[in-house]
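Hi there,

Here is the structure I promised to send over. Have a look at it first, and then read on for my notes.

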Amino acid sequence: MTTTTKENLANPGPVGLCGFALTTWLLSLINGGFFTAQEGIGLVLGMALAFGGIAQVIAGMFEFKKGNTFGFTAFISYGAFWWTWALFTIFFKGETAPAFIGWYLCAWGMFSLMMFVATLTKPKVLSGIFFCLTLTFFALGIGDGMENHSIVHIGGCLGLVTALGAFYLAAAEVINESFGKTVLLVGERK
């Protein structure tokens, strides 16, 4: 006689969302013009490698175990984004044409647009996050590609909105689970 038990796994989403949100917040403070790169880039790099990169990849692997293709794709991909961004910033930034940096960011905008479309059956807060993230990447891509700091500042402000949304969703998932009921609304779709 065989017995099957359902594994009771913790939700990896809040860790991935927080890794994304906090790292995005810090970089967006620089992109938005609130701090200079000289004042904060070291801390952003540390966050990008550890929390934005590693923590999101770990969360993505647990989403894989749960069978969540969206969560797996999002967390692994954006975790890898933070690693590529940090490695590029540390080792290669001075050797790359601004236009090519713009294309790199716009490519992430296209990826984010694909992910946004995939959220249209998911909670509305998640859709809002990916909508803002898509706009963020395109604004940063255009701004960096054209070396237009005003557009980069707009991208930074959009990044702050994106980060707040991601942090809210992480908080909603943790708080709602802790209370066993909906405390923070996420806009569940019917």
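A word on terms before the notes: two residues are in contact, or touch, when they have heavy atoms within 4.5 Å of each other. This is a predicted model, in which local features need pLDDT of at least 70, side-chain atom pairs count only at pLDDT 80 or more, and totals for chains, interfaces and linings use all residues. Residues are numbered from 1 along each chain as its sequence is written, and side-chain values use heavy atoms, with hydrogens and water left out.

**Trp83 and Gly53**

Leaving aside residues up to four places away in sequence, Trp83 touches Leu49, Gly53 and Ile54. Trp83 belongs to helix H3, which spans residues 69–91. Helices here are DSSP runs of H or I with at least four residues, while strands are runs of E with at least two, and both are numbered from the N terminus. At 32% relative accessibility, Trp83 is partly exposed; that label covers the range between buried (under 20% relative accessible area) and exposed (over 50%), using a 1.4 Å probe and protein chains only.

Gly53 and Phe20 are 33 residues apart along the chain, and their C-alpha atoms are separated by 8.3 Å.

Is Glu63 buried or exposed? This residue of helix H2 (residues 37–66) is buried, at a relative accessible area of 3%. The Glu63 side chain makes a polar contact of 2.9 Å with the side chain of Asn68. A polar contact is a pair of N or O atoms within 3.5 Å; within protein, one must be able to donate a hydrogen and the other to accept it, and residues adjacent in sequence count only if both atoms are side-chain atoms. Beyond four places in sequence, Glu63 touches Asn11, Pro12, Gly13, Asn68, Gly71, Phe72 and Phe75.

Thr89 is in helix H3 and is buried, with 18% relative accessible area. Its side chain reaches the backbone oxygen of Trp85 at 2.8 Å. Thr89 also touches Ile41 and Leu45, not counting residues up to four places away in sequence.

**Two pockets**

A pocket is found on a 1 Å grid over the protein atoms alone: it is an open set of points with protein on both sides within 12 Å along at least five of seven lines, and its lining residues have an atom within 4 Å of a point. Grid points are joined across faces, edges and corners, and the volume is the space filled by probe spheres set on the points.

The largest pocket has a volume of about 730 Å³. Its lining has 31 residues, and Asn31, Trp85, Lys93, Asp144 and Val152 lie nearest the centre. H1, H2, H3, H4, H5 and H6 each supply at least two lining residues. By type, the lining splits into 18 nonpolar, 10 polar and three charged residues. Here Ala, Val, Leu, Ile, Met, Phe, Trp, Tyr, Cys and Pro count as nonpolar, Asp, Glu, Lys and Arg as charged, and the others, Gly among them, as polar.

The second largest pocket comes to about 490 Å³. It is lined by 26 residues, with Gly13, Leu17, Leu126, Leu169 and Glu173 nearest its centre. At least two lining residues come from each of H1, H2, H3, H5 and H6, and the lining has 14 nonpolar, six polar and six charged residues.

**Cysteines and a loop residue**

How many disulfides are there? With a disulfide taken as a pair of cysteine sulfur atoms within 2.5 Å, the count is zero. The sulfur of Cys106 is too far for a bond, because the closest cysteine sulfur, in Cys132, is 17 Å away. Cys132 is in no disulfide either, and its nearest cysteine sulfur, that of Cys157, is 12 Å away. Cys106 is buried at 15% relative accessibility, and Cys132 is buried at 17%.

Finally, Glu147 lies in the loop between H5 and H6 and is exposed, at 56% relative accessibility. Its phi is near 55°, a positive value in a residue other than glycine. Most residues other than glycine have a negative phi.

Best wishes

Conventions. On a 1 Å grid over the protein atoms alone, a cavity is a set of points where a 1.4 Å probe fits but cannot get out, and a pocket is an open set with protein on both sides within 12 Å along at least five of seven lines; lining residues have an atom within 4 Å of a point.
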